[in-house]
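Morning, everyone. Please bring up the sequence and the model side by side, and follow along as I talk.

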Amino acid sequence: MISFLAKRIMQAVAVVLATASMVFFAVFIIGDPAQLLYSQNASAAEVEAARRYLGLDLPLYQQYFNFMGGLLHGDLGRSFVYGKPALGVILQRLPATLELAFASVVLAVVVGLPLGLYCGLNPRTIRSRLIMAVSALGVSLPTFWIGIIIMLAFAVNLRLLPTGGRGNTLTVLGVPWSFLTIDGLRHLLLPAASLALWQASLILRLTRAGTEEVLRQDYVRFARAKGIAPGRILWVHVLKNVLAPVVTMVGLSLGGTIAFSIVTESIFSWPGAGKLLIDSIYAFDRPIVVAYLMLAVTIFVLINTFVDLIYAAIDPRVTLGAADSGS
Amino acid sequence: MSEPDPILVVSDLNVSLASGKRMTPILREVSFALRPGEILGIVGESGSGKSLTASAIMGLLEPPVRIVSGAVAFKGRDLAALDEKAVRAIRGNEIAMVFQDPAMSLNPLLRIETQMVESIVAHDRGCSRHAARERARAALETVGVPAAAKRLRAYPHELSGGMRQRVSIAIAMLHSPAVIIADEPTTALDVTIQAQILDEMTQLCRKNGTALIWISHDLSLLSSFADRICVMYAGRVIESGPCGEVIGAPRHPYSRGLILSVPAMARAGKDIEPIPGYPPRVGMVPSGCAFRPRCHRASPACAVQPPLQTVASQQSAACFHPFDDKLQVPA
């Protein structure tokens with residue numbers, strides 16, 4: 001367990017450093033932020049002074065070493081645009097993104113898992129065929145289009161829900177949260193639903209396929225032959241076996257939503273970190289982009305580690321740490 | 001000498017696969033009786049319907065496969081006519097089952113203890129957890145699992161194939177059932193373990209007076225311990241009788257072919273004689289006697305299905321041209 005976590009942390013550090021380096025050079029190639037930061041009629045001397053102030057006049061390798069040196073001290077650099085530490089700027093926006101991501105994943109699991117079980121248990125009924133057809137749409141329709149359509153339907157035409165923003169928030173631990181107020185929840189519902197549709201469809205299809213497969217297994221027939229009640233067979237024998245791949249899927253999906261819910265945040269004017277990333281890319285705000293992606297990678301690794309822990313807790317054949325164990 | 005009344009009587013059991021409005025018969029007029037404490041071997045090639053017969057008796061058929069007609073009378077009650085809840089009370093309690101592959105029949109994610117205790121509690125609601133665990137441990141010891149208390153805490157993948165099958169057998173025997181249906185329980189095991197498990201299981205059943213239906217494709221294995229044998233072909237029982245008679249003087253050409261194609265049972269000095277052709281697939285069974293296309297004794301009369309009729313004192317065969325001589329068995 002300890003060695004598993006230690007190994008994971010080492011891996012994470014390596015991946016984060018590699019990502020940071022790649023993004024650092026990539027953004028450098030795209031363009032020069034000093035040109036954008038100052039108005040067209042700024043003098044060449046002013047721009048030059050700005051470059052020197054931001055450290056952009058140094059050779060690339062020296063900028064890189066300064067940046068990496070800062071990293072070792074936990075300093076991700078200052079945003080060119082905001083003039084504040086990059087990490088601080090991101091962390092200020094992150095709770096909104098986390099809130100949206102978690103809300104959508106919870107919604108996706110709550111909807112997808114039971115429906116998937118239902119379809120797996122009753123594959124031949126008309127109702128489950130209907131559900132499967134809708135989920136096929138759910139995995140294939142682009143999220144941004146879904147976002148616009150449900151906004152049009154529920155916010156513009158039916159006027160049931162607001163079109164965007166976070167609504168009223170309640171501040172807990174110094175961070176404002178929408179899900180703690182009724183108005184905030186109303187604002188959260190549409191963006192979360194549009195992010196959840198794709199995930200719910202995927203979870204549903206995965207759960208259905210898993211359920212159908214597990215039901216065919218001999219251990220389910222043996223459990224029936226033992227005279228076990230159908231409820232216990234479903235909730236203990238079947239569900240546990242179905243859950244393992246679903247947990248992996250949910251983990252990946254959560255990571256993806258946190259890092260890249262950019263489009264949905266833009267549509268619903270959700271003031272999260274995704275919108276910040278887009279703005280920063282346009283502004284060549286390298287420290288923000290680099291710090292953002294490093295944070296995204298870290299979150300991914302964290303979630304995957306957590307998924308592995310859950311996986312090992314569900315399936316005794318999976319052992320942590322050892323590379324080649326079990327079947 | 002009077003025979004005790006049979007405990008399980010399967011009569012004219014027809015099972016079909018329903019697809020749309022069409023019904024494809026899979027089991028046809030399967031009939032046999034099992035007396036208390038008796039070991040009945042059911043033998044047949046894969047696809048002959050032997051495993052399906054077991055599922056039908058246990059009420060484990062999954063739609064679209066279902067019983068069309070016939071009865072499975074257990075202690076005088078027709079299981080095919082009972083509702084699911086009533087059958088569940090019998091399954092695992094009075095009729096238990098052991099499956100072929102112990103790697104598949106135990107849930108990989110649950111401890112042995114969980115899987116045994118749930119079996120006990122399913123039919124014995126008043127049993128406390130502690131008492132159930134104690135019973136599970138004792139049951140494991142009975143079937144020869146060493147360090148039973150430790151094994152209870154294990155997961156299936158931590159046990160060997162033989163140990164896993166012993167666990168399945170222990171589970172089947174938890175409630176001292178009147179009947180155990182064993183569907184090729186040793187096929188997936190090493191030969192040495194096979195012999196051990198077979199020995200232990202038949203001995204335990206004889207000791208407890210448990211009747212055993214042993215399903216196998218291996219006639220020479222069955223002949224070593226079964227009391228009576230049913231031979232199945234294309235979803236039908238085509239010969240049945242006491243083990244010695246069926247092996248020593250098979251009446252149906254298929255039974256005879258089956259015996260002569262087993263090297264150990266063919267007559268000494270003679271070549272084995274494989275049966276020509278292949279068994280028919282489900283839904284493509286020929287009319288009349290299904291074995292007709294592969295049979296060298298077939299005549300135009302065989303275009304009509306021959307009934308299973310008594311050919312010797314206790315032996316019946318479904319054939320219009322049965323053999324009536326003994327096989328020359330090597331000394």
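How many bridges join strand S6 of chain B to S7(B), and do they run parallel or antiparallel? Four bridges, and the two strands run parallel. Keep in mind throughout that this is a predicted model.

Let's stay with that part of chain B. Strand S6 covers residues 95–98. One pair to find there is B:Ile95, whose bridge partner in S7(B) is B:Val179. Now look to the other neighbour. S7(B) also pairs with strand S8, residues 211–216 of chain B. That pairing is parallel and has five bridges. Here B:Ile181 stands opposite B:Ile213 in S8(B).

So what about S7 itself: buried or exposed? Strand S7 spans residues 179–183 of chain B, and five of the five residues are buried, so the rest of the structure largely encloses it. Buried here means under 20% relative accessible area. Check both faces. On one side sit B:Val179, B:Ile181 and B:Asp183, and they are buried.

Next, another strand of chain B. Strand S10 runs over residues 236–242. Seven of the seven residues are buried, so S10 is largely enclosed by the rest of the structure. Which strands pair with S10(B)? One is strand S9, residues 228–233, joined to S10(B) by six bridges and running antiparallel. B:Cys230 stands opposite B:Ser240 in that pairing. S9(B) and S10(B) make a hairpin, with two residues between them. Look at B:Ala234 in the turn: it has a positive phi of about 50 degrees.

The other is strand S12, residues 316–317 of chain B. It pairs with S10(B) in the antiparallel sense, over two bridges. B:Ser240 turns up again here, opposite B:Ser316 in S12(B).

Now the record for chain B. UniProt, in an unreviewed entry, places "domain: ABC transporter" at residues 10–259. In the model, that span is 40% helix and 27% strand. Its end C-alpha atoms lie 25 Å apart.

Over to chain A. Chain A is divided into domain 1, residues 31–75, and domain 2, residues 87–144 + 192–326. How far apart do the C-alpha centres of the two domains lie? They lie 40 Å apart.

UniProt, again in an unreviewed entry, lists "transmembrane region" for several stretches of chain A, including 12–31, 130–156 and 176–198. Take residues 130–156: 93% helix, 0% strand, with end C-alpha atoms 28 Å apart. For residues 176–198, the chain is 74% helix and 9% strand, and the end C-alpha atoms are 27 Å apart.

A:Ser21 counts as buried because its relative accessibility is 14%. Its C-alpha is separated by 29 Å from that of A:Leu100, which is 79 residues away along the chain.

Last stop: the surface of chain A. Which residues make the nonpolar patch of about 590 Å²? They are A:Phe144, A:Trp145, A:Ile148, A:Ile149, A:Leu152, A:Val156 and A:Val263. Helix H7, residues 143–157, gives the most to the patch, with six residues. A:Ile149 has its place in that helix. A:Ile149 is at 34% relative accessibility, so it counts as partly exposed.

That's the tour. Questions, please.

Definitions and conventions
Residues are numbered from 1 along each chain as its sequence is written. Chains are lettered from A and ligands numbered from 1 in the order in which they are written. This is a predicted model: local features need pLDDT of at least 70, side-chain atom pairs count only at pLDDT 80 or more; totals for chains, interfaces and linings use all residues. Side-chain values use heavy atoms; hydrogens and water are left out. Patches are made of residues with over 30% relative accessible area and no salt bridge: like charges are joined within 9 Å, nonpolar side chains (Val, Leu, Ile, Met, Phe, Trp, Tyr) within 5 Å. Accessible areas come from the Shrake-Rupley method with a 1.4 Å probe; for residues, only the protein chains shown count as cover. A salt bridge is a side-chain nitrogen of Lys or Arg within 4 Å of a carboxyl oxygen of Asp or Glu. Buried means under 20% relative accessible area, exposed over 50%, partly exposed in between (1.4 Å probe, protein chains only). Domain bounds come from an automatic or database domain assignment. UniProt positions are given in the numbering used here, feature names are shortened, and annotations may be inferred rather than shown by experiment. Two strands pair if DSSP finds at least two bridges between them.
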